[in-house]
Amino acid sequence: MKTLSLSPKRSDARYGDIADKIRAEIVCGKWTPGSKLPTWDVLCDLYAVGRPTLTRALALLKAEGFISAKTTRGTFVTENPPNQNRYILIFPSEPGLHGAGGWNLFWESIAMQALSAQENYHCQIDIRFHVTPHADCPAYAELLEDMQKHRIAGVLVVNGDQLTNWEPPFPFPHVLLFASNPNPNLPSVGVNWNSFHKVAARIMMEGKRRRVAVLAGEQHLANLAGDELVKSGLSVPECFRLSMPGTYAEGAYNLVRLLLSLPKMERPDGLLVCDDNLLPETLSAVMTARLSIPDDLLVVAHGNSPASPRAAIPAVRRLGFDVHDILRNALHILQAQQKKPKSIQSIAVNASDRLSFPL
């Protein structure tokens, strides 16, 4: 995230007002992308300011990305000003945090994909952490100021369940990414877990597995997965439907270790891990039990692509969602809102077992 050091702070900082006026004229189309601004003398007369004040105003707009100076040719509006081409990706947490509200691999994949935005999506995506809708949150105050001053074109909100409670309501192009409780009245890009379960069931059936256990981040997700596997003819007893929050992944070791301690004829011959944050501890438990993958236990594990190389074992079947598709669809929705502000689109990305995961 680029920090601007030219924000007006002094009592004589009229240049901030001048920057606001020029910025507003660029946003409304008086000065179009790529167009040349009048000479500095003309601008000084137009806004009734001296050259030092104008110099500081233009320096602020240049730092924000609205204008560029081309040596002796003059000052131009950039081809892609931030009000059309700059997006903010916000997270409620930050890398390295564990426990409740901690960081997870899906967020990591989204953040890594956003870093390649300039090349892949032909736009700028800035990442901000710890953004919560509270007056005492500096990152939230900065986001509101960016909106008010049209420094950004839209906002991508990760884990946006709390967005509906933001005050004031979010009056700006935005899209929710992977909200656990999608609201049909809010623009969002989610994932189709039903497709994930169906593909997982097919893999288990092709592997001639019959007793399958499920490990998910929440109990209702474990039950949903279990029900779908049962529809495909697999046996998933209630005691095989386990849950452990991904932010407390270390607890998965004991759960899986206990499950695999059952006699051979009673323990599962297949295991579906629905949260990639739980996979490393799960595999540690399998190795402790001295079981072979996939001979003794066929492991099908969630993992978005591009994925973290953590716990990448060739024998584990990886199944997940393409993060590139999620981000591409989110930007498409934001661009639609820029053209039609009240546009609401919701998209669910299907799962695939044909993704590439680094080893």
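In these exercises, contact means heavy atoms within 4.5 Å. The model you are exploring is predicted.

**Exercise 1. Find the surroundings of Asp126.** Which strand holds Asp126, is this residue buried or exposed, and which residues is Asp126 in contact with, leaving aside its neighbours within four places in sequence?

*Solution.* 
- Step 1: Look along residues 124-128, which form strand S4, and you will find Asp126 there.
- Step 2: The relative accessible area of Asp126 is 10%. Buried means under 20%, so Asp126 counts as buried.
- Step 3: Set aside the neighbours within four places in sequence; Asp126 then touches Arg86, Tyr87, Ile88 and Leu89.

**Exercise 2. Trace the open sheet.** In what order do the five strands of the open sheet run, and which are the edge strands?

*Solution.* 
- Step 1: Follow the parallel pairing across the sheet to read S9-S8-S10-S11-S12.
- Step 2: Strand S9 (241-243) and strand S12 (317-319) each pair on one side only, which makes them the edge strands.
- Step 3: On average, and with direction ignored, neighbouring strands here are turned by 20 degrees against each other.
- Step 4: Now visit S12, which is joined to strand S11 (residues 298-302) by three bridges in the parallel sense. Across this pair, Val300 faces Arg317 of S12.

Terms used
Residues are numbered from 1 along each chain as its sequence is written. This is a predicted model: local features need pLDDT of at least 70, side-chain atom pairs count only at pLDDT 80 or more; totals for chains, interfaces and linings use all residues. Side-chain values use heavy atoms; hydrogens and water are left out. Two strands pair if DSSP finds at least two bridges between them. Helices (H or I, at least four residues) and strands (E, at least two) are DSSP runs, numbered from the N terminus. Axes are lines fitted to C-alpha atoms, for helices over the stretch in contact, and angles run from 0 to 180 degrees between N-to-C directions. Buried means under 20% relative accessible area, exposed over 50%, partly exposed in between (1.4 Å probe, protein chains only).
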